[in-house]
Amino acid sequence: MIFDQIFDMINIGIIIIDKELKVYKWNRWMEIHSKIPAEKITGFPLFSFFPDLNNPRFLRNFKSVLTFGNFAFFSQKLHQYLFPFQAANSLGSNFKYMRQSCTMGPLRDDNNVIRYAYIMVQDVTDIAAYEQKLLEMSIRDGLTGVYNRRYFETRLEEEFERHKRYTRPFSIIMQDIDHFKKVNDTYGHPCGDYILKAFASMIVSSIRKVDIFARYGGEEFCCLLPETRLDSAMKLAEFLRKKIERNIFIFNNTEIRITISQGIAELKTEMGAAEALLREADHALYEAKESGRNKVVKMKD
Amino acid sequence: MNTDSSHIFSDEEKDILQEIMNIAFGNATADLGEVIDIYVELSAPSIQILGIGDIPDYLTDRMKLHPETSIVAQNFWGDFKGYGILVLPNRTGRSLIAILDDGEPNDFEMKPIAGQEREVLMEVGNILIGACVGKVCELLNTFVTYTPPQVIHENSNEYSSFVDSFDPSQTAILMETVFRFKAIDINGLLLVITSQEAIEWLRKALYEFMEPYE
């Protein structure tokens, strides 16, 4: 009797299902969050209420629990949730569904024979929201809001690996704002910060969602373009160069114009590491600067 | 390595355990195929008594099978207590997707490679370790509880803290088998390590297992 009370009072969802996946027990937490009363679901197949659970992964784990008596873990990081319950608006996060960490395990009778499986559902939306915020903070540049160098380098490595497996093309553009020191010296650092922010947001609005644009350091930026060959990257860079050149940035009623130099490189199979691609783009950028700035220079063939 | 281990586990006890493992791992292989369509071959398991302090060196030695390896580790506890460790060549996660056959290729395409590999390694590790430990438990008439599996990459901080977690003053019984997935040419190592505190129970359970045959 005491355990029955705990079963209903505990702040965790508990479901017990039989070998045919019919619901045997459904605790109050599950009633509240699913809005399905126990008497309505008890004795009925779980899949008729939650058809999305009828997938190979859930079934494989269920069978494994019944056969081997092991546990199955459905972490929120990998699965997000098993049961689509409405999420409380945690920390301003906009998760559509409650993030859940779920465990499935065996329940045995007195003869040690597995008769049922239980599923425990824990609401981890708050933790997931914290994680999401931390993750955002760790991959974004604090000033401009675009990706930071570390994230760029991670994605570059991943794209490099993808290229090795599928030989898909990709290119990068390295950009540097010309004479940026002069902007800072003439108009002050707040203006310099404003230019960096406005410049970054102009670039973000001009590239695809799949492209990764990052502040590489100071006034240097980098753009990773998946599925893009050198000539297409050149066209994009030229478009961006003109767009920036024509734009008038206004800070405290002062009109400011800037230009950018850009170096372009495409990954070649003979490049043994992702850094080689960065080096090529950096050399091209150096050449663009040396040959008069406000230019796009591609890597040497 | 500690060679004089007879005071911990006699040759007879090792033989019984060997027999139990042969049956258990055989059953696990059969059920993995029949019930969840994961077809694996397990080699005849071997048993060693090791100081826990020797396990990191032992692992390093066994991991030389492949240039880079990933480990899935999981603790289990009950009367029978210890760790299950699965050693796989690095970057096998992608190939393992083929044997899981979830029909969700697009889903996997969308996620970063590292995340996908972790996900698959964790699930396959959880099932393989659970199958082998579970079948040993079934024969010894007990059951255990598991911690969530952990994926640990060699040459990472995770690996050094995993290795540091071993208490060198303890002794362990290490059961080892080489497994191979039939559908894909990948083999790895499965280790079940019994903690010292469970050895006494294991000894009793072994003799109870033998009673009907004597």
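Begin by selecting A:Asn112, which sits in the loop that joins strand 4 (100-108) to strand 5 (114-123) of chain A. Please keep in mind throughout the tour that this is a predicted model.

**Stop 1**

With A:Asn112 still selected, consider its backbone. Most residues other than glycine have a negative phi. The phi of A:Asn112, however, is positive, near 70°. Is the residue buried, partly exposed or exposed? A:Asn112 is partly exposed, because its relative accessible area of 24% falls between the limits of 20% and 50%.

Next, select A:Asn253, in the loop between strand 9 (249-251) and strand 10 (254-256) of chain A. A:Asn253 also has a positive phi, of about 65°, although it is not a glycine. Its relative accessibility is 79%, so A:Asn253 counts as exposed.

**Stop 2: the domains of chain A**

Colour chain A by its domain assignment, which gives domain 1 (2-131) and domain 2 (140-298). How far apart do the C-alpha centres of these domains lie? The C-alpha centres of domain 1 and domain 2 of chain A are 47 Å apart.

**Stop 3: where chain A meets chain B**

Now display both chains and select the residues in contact. Chain A contributes 21 residues to the contact and chain B contributes 37 residues. Together the two chains bury about 2,500 Å² between them, and 53% of that area is on carbon and sulfur atoms. The count of residue pairs in polar contact between chain A and chain B is 5, with both residues of a pair at pLDDT 80 or more.

Which elements of chain A supply at least two residues each to the side that touches chain B? They are helix 5 (56-68), strand 3 (72-74) and helix 8 (149-166). Helix 5 of chain A gives the most, with 8 residues. By residue type, the side of chain A that touches chain B divides into 7 nonpolar, 6 polar and 8 charged residues.

**Stop 4: a network of salt bridges across the interface**

Over all chains, the count comes to 25 salt bridges. Across the interface of chain A and chain B there are 2 salt bridges. Select A:Arg57, A:Arg60 and B:Glu123, which are linked in a network of salt bridges.

Start with A:Arg57 and B:Glu123, whose side chains meet in a salt bridge of 3.0 Å from N to O. This pair crosses between chains, from helix 5 of chain A, which holds A:Arg57, to helix 5 (residues 113-139) of chain B, which holds B:Glu123. Are A:Arg57 and B:Glu123 buried or exposed? Both residues are buried. Then move to A:Arg60, which forms a salt bridge with B:Glu123, with the closest N and O atoms 2.8 Å apart.

**Stop 5: salt bridges within chain A**

Select A:Arg241 and A:Glu245, whose side chains meet in a salt bridge of 3.4 Å, N to O. How many residues separate A:Arg241 and A:Glu245 in helix 11 (residues 230-246) of chain A? The two are 4 residues apart, which means that about one helical turn separates them. A:Arg241 counts as buried, at 12% relative accessibility, whereas A:Glu245 counts as partly exposed, at 30%.

Continue to A:Lys300, which forms a salt bridge with A:Glu287, the closest N and O atoms being 3.1 Å apart. A:Lys300 is exposed, with a relative accessible area of 62%, while A:Glu287 is partly exposed, at 36% relative accessibility.

**Stop 6: a buried loop residue in chain B**

Finally, turn to chain B and select B:Ile38, in the loop between helix 1 (11-36) and strand 1 (40-42). B:Ile38 is buried, because its relative accessible area is 2%, and buried means under 20%. What separation do the C-alpha atoms of B:Ile38 and B:Glu12 have? The separation is 34 Å, for residues that are 26 residues apart along the chain.

Terms used: Residues are numbered from 1 along each chain as its sequence is written. Chains are lettered from A and ligands numbered from 1 in the order in which they are written. Side-chain values use heavy atoms; hydrogens and water are left out. Buried means under 20% relative accessible area, exposed over 50%, partly exposed in between (1.4 Å probe, protein chains only). Contact means heavy atoms within 4.5 Å. Buried area is the accessible area (1.4 Å probe) that two parts lose on being put together, summed over both. A salt bridge is a side-chain nitrogen of Lys or Arg within 4 Å of a carboxyl oxygen of Asp or Glu. A polar contact is a pair of N or O atoms within 3.5 Å; within protein, one must be able to donate a hydrogen and the other to accept it, and residues adjacent in sequence count only if both atoms are side-chain atoms. Ala, Val, Leu, Ile, Met, Phe, Trp, Tyr, Cys and Pro count as nonpolar, Asp, Glu, Lys and Arg as charged, and the others, Gly among them, as polar. Domain bounds come from an automatic or database domain assignment.
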